[in-house]
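Hello,

The structure we discussed is below, and my notes follow it. Please read them with the model open.

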Amino acid sequence: MGKAYLKIAVVYFTIGVLAGLIMGIIHDFRFSSVHAHVNLLGWVSMALFGVIYHLYPNAANSKLAKTQFWLHNIGVPVMLGGIALQILGVSAALPPTIIGSIVVVIGVILFTINVFKHVGKN
């Protein structure tokens, strides 16, 4: 679980850095909120999930971790795509953005429960 999160995290890191570079080169910063979410929910959060799950294998091997993994990895791209489409003026993208966001929040809550349940125990 930890390795999977770390590999996905570095993909988001690369996407985030490239997006920032492109925005800077073309002087168009409309997608800065997408760029920020790619870096925070993709790179930083997933890297931290990966490190925590590497350090605490009991947490990583739980059903909570597996469920949280899929919720986060489905919710983040749906949310990011929805935000990007809204920036482009597609108002129909609001429901997917909301759904993706809620899925991410549920995943984060599961992660929190998982940490409290498994971290610090023998």
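Helices here are DSSP runs of H or I with at least four residues, numbered from the N terminus, and the expected span of a helix is 1.5 Å times one less than its number of residues. This is a predicted model, in which local features need pLDDT of at least 70 and side-chain atom pairs count only at pLDDT 80 or more, while totals for chains, interfaces and linings use all residues. Residues are numbered from 1 along each chain as its sequence is written, and side-chain values use heavy atoms, with hydrogens and water left out.

Helix H1 (residues 2-26) has 25 residues and reaches 36 Å from first to last C-alpha, close to the 36 Å expected. Its buried residues (under 20% relative accessible area, 1.4 Å probe, protein chains only) are Gly 2, Tyr 5, Ala 9, Tyr 12, Gly 16 and Met 23. H2 and H4 are among what covers them (contact means heavy atoms within 4.5 Å). After H1 comes His 27, with a positive phi near 55 degrees.

H1 and H2 pack at about 160 degrees, their axes 8 Å apart; axes are lines fitted to C-alpha atoms over the stretch in contact, and angles run from 0 to 180 degrees between N-to-C directions. The two helices H1 and H2 are therefore roughly antiparallel (over 145 degrees).

Helix H5 (residues 94-118) also has 25 residues and spans 36 Å from its first C-alpha to its last. The buried residues of H5 include Val 103, Leu 110 and Phe 111, and their cover includes H2, H3 and H4. Just after H5, Gly 120 has a positive phi of about 95 degrees.

Regards

Notes:
Buried < 20%, exposed > 50% of the residue type's maximum accessible area, 1.4 Å probe, protein only. Parallel < 35°, antiparallel > 145°, perpendicular 65-115°, else oblique.
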